[in-house]
Amino acid sequence: MDDEELKAVILTYRRAGAPMKEVVGPGKLVSTWTFAKLKADPNFLSALEAADESLGKVSRRFVFDAVLTQRIIDAIKAGWTTEQKAPSPDLPGWTTIWKRKHVDDGFAAAIEQALSAARRPNKHPRDARLCLSMEEKAEVLKRVAAGRMMNGLGEGAPSKTRIHVHRQADPGFDGEVKRLLAAQRTAASQECSLTPDMAGRIMDALRAGHPLNNLGEGLPSWSTVLRWRQQDVSFAEVVRSALVSRAAAATAAMQESEDRPALEFESLKSRQDRRRVTATKEAILEALEDGEMVSRAIAGVASQSVLKNYLRADPEFQRRYREALAHRRTAGNRLTRFGWTQERREAVLSAIRGGAKLSRLGENMPTAIMVNRQRRQDPEMNAAVRGAMLERRKQQQASRKTKLKRPPPMPITFRLNQTNDVYAAANRAVSRSLPPFARDDIISEIVLSVLAGETAPHEIPAKARAFSNAYHRMTESRSTVSMDNRGNFGGDANFHDLIAIC
């Protein structure tokens, strides 16, 4: 159908009272774009309004002339966005504007240009939430004009991030902020000038220990002092001499502090660490003085690397450590105090006969090193220890044989036939649902176990299932077959017959 036929059909439906959504829309008689194009005809619009008036309906109709277009553009410049409703009833909504854009290229170009001019550059994904209101912008400009810096506007002011984002989005606001900051720098440079009084205050601050980047309140910044040093040679020499004298005083103070027994001020953590280290050193020295080996003395309190650090950093601890080692090696050590009396020797020999090793004789007993040293010095002690160790080995071998000893085999006092008690018991215990060759193998295993003395005759019913399971595991895992089984070589011959033929 052409446009005129479509207009006639739409008017017919409309005059009949049918809503437009039954005629216009996706999948309907007329598409939305075609209907918008048809509405560009004033006669068709007049006919639609007449049909609505006949049904008692009043529809809003906008004439998109130059005046209405300019009003829409002015509203967009004033802040009207596509997510908002029309600011006044005499303006169309965005749905109507979009429909008009499809049929009027000039109107569409004007609307897009207005939206592009009003749209902020999307440099940050949160521009809409970070944008400053008019009151916030006025407050920021007021505080900057009063002499505040951008990173110190005070309480109640917007954050530095929001101000930075809004300065990028609003060139006018950014220019005003830059102008006020430039005025601040000009006023500061005029107020702060290098005078003899200012130079004297700077020298006093430097001698008091203040760094150049934080001279104190009422004094210039580090960049200003640097600029004055570049402009005035005499001022630069004075500043250099002040810095050199301060460095010399700090060096002298450090040299004096090395002779002091302790610092005047020490944090709680430092005191706790020092006490812990002192207690660790004392524990190590006490264990060494008692005759313990170094590895046992530091066990649980320090590692080998920590001990080396202690020895390297503390000369007093190093001296006492060496004295403890020397004391342990002299006549006053554990070897001499141990005594190697007859009672001690018997205690060591009893421990060895009881199964203890030389390295683990027990509490309050000598170590393996002490025992071997005494064995080298005393042949009788060596012979006694060797005898005790040999006796211990014999006891261990006897106990091992006792554990591995099997019960004596049962005497064979019967014949293997069907009437025999053992064979009959095995035949009754094995399930008859098994194949004949499997039952024969299982019964044979049971009888052999009884003959070897591993199974008692009265235990056959209870152990028959275990023999069956063992047979199944053997045949399933190794894929074995019975010699009584028929082969695939024809006839009723089994594997016995095949061997006989071969």
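This is a predicted model: local features need pLDDT of at least 70, side-chain atom pairs count only at pLDDT 80 or more; totals for chains, interfaces and linings use all residues.
Visitor: What share of the residues counts as buried?

Guide: Buried means under 20% relative accessible area, exposed means over 50%, and partly exposed is in between (1.4 Å probe, protein chains only). Of the 502 residues of the protein, the buried share is 30%.

Visitor: And what part of the contacts with a separation of 6 or more comes from residues 24 or more positions apart?

Guide: A contact here means heavy atoms within 4.5 Å. Among contacts in the protein with a separation of 6 or more, residues 24 or more positions apart account for 50%.

Visitor: How do α4 and α6 lie relative to each other?

Guide: Helix α4 covers residues 66-77 and helix α6 covers residues 105-118; their axes come within 9 Å and cross at roughly 15°. Axes are lines fitted to C-alpha atoms, for helices over the stretch in contact, and angles run from 0 to 180 degrees between N-to-C directions. Angles under 35 degrees count as roughly parallel, over 145 as roughly antiparallel, 65 to 115 as roughly perpendicular and the rest as oblique. That makes α4 and α6 roughly parallel.

Visitor: Which kinds of residues make the contact of α4 with α6?

Guide: From α4 come T69, I72, I73 and I76, while α6 brings F107, A110, I111, A114, L115 and A118. Ala, Val, Leu, Ile, Met, Phe, Trp, Tyr, Cys and Pro count as nonpolar, Asp, Glu, Lys and Arg as charged, and the others, Gly among them, as polar. The tally is no charged, one polar and nine nonpolar.

Visitor: What about α5 and α6: how is their packing described?

Guide: Helix α5 (residues 94-103) packs with α6 at an angle of about 130°, their axes 6 Å apart. That angle makes α5, relative to α6, oblique.

Visitor: How many charged residues are in the contact of α5 with α6?

Guide: On the α5 side we have W94, I97, W98, R100, K101 and V103, and on the α6 side D105, F107, A108, I111, E112 and L115. Eight of these are nonpolar and none polar, and the charged ones number four.

Visitor: Is W80 buried or exposed?

Guide: W80 sits in the loop between α4 and α5. Leaving aside neighbours within four places in sequence, W80 is in contact with I72, A75, K85, A86, P87, P92, W94 and I97. At 5% relative accessibility, W80 counts as buried.

Visitor: How are α22 and α23 arranged?

Guide: The axes of helix α22 (residues 421-429) and helix α23 (residues 436-451) come within 9 Å and cross at roughly 135°. The two are therefore, relative to each other, oblique.

Visitor: How many nonpolar residues are in the contact of α22 with α23?

Guide: V422, Y423, A426 and N427 of α22 meet R439, I443, I446, V447 and V450 of α23. One is charged, one is polar, and the nonpolar ones number seven.

Visitor: How far apart in space are A438 and H472?

Guide: A438 is found in helix α23, and with a relative accessible area of 3% A438 is buried. In sequence, A438 and H472 are 34 residues apart, yet C-alpha to C-alpha they are separated by 8.9 Å.

Visitor: Where on α20 do the buried residues fall?

Guide: In helix α20 (residues 368-377), A368, M370, V371, Q374 and R375 are buried. Seen down the axis, they fall within an arc of 165° (taken from the directions from the helix axis to the C-beta atoms), so they line one face of the helix.

How values were computed. Residues are numbered from 1 along each chain as its sequence is written. Side-chain values use heavy atoms; hydrogens and water are left out. Helices (H or I, at least four residues) and strands (E, at least two) are DSSP runs, numbered from the N terminus.
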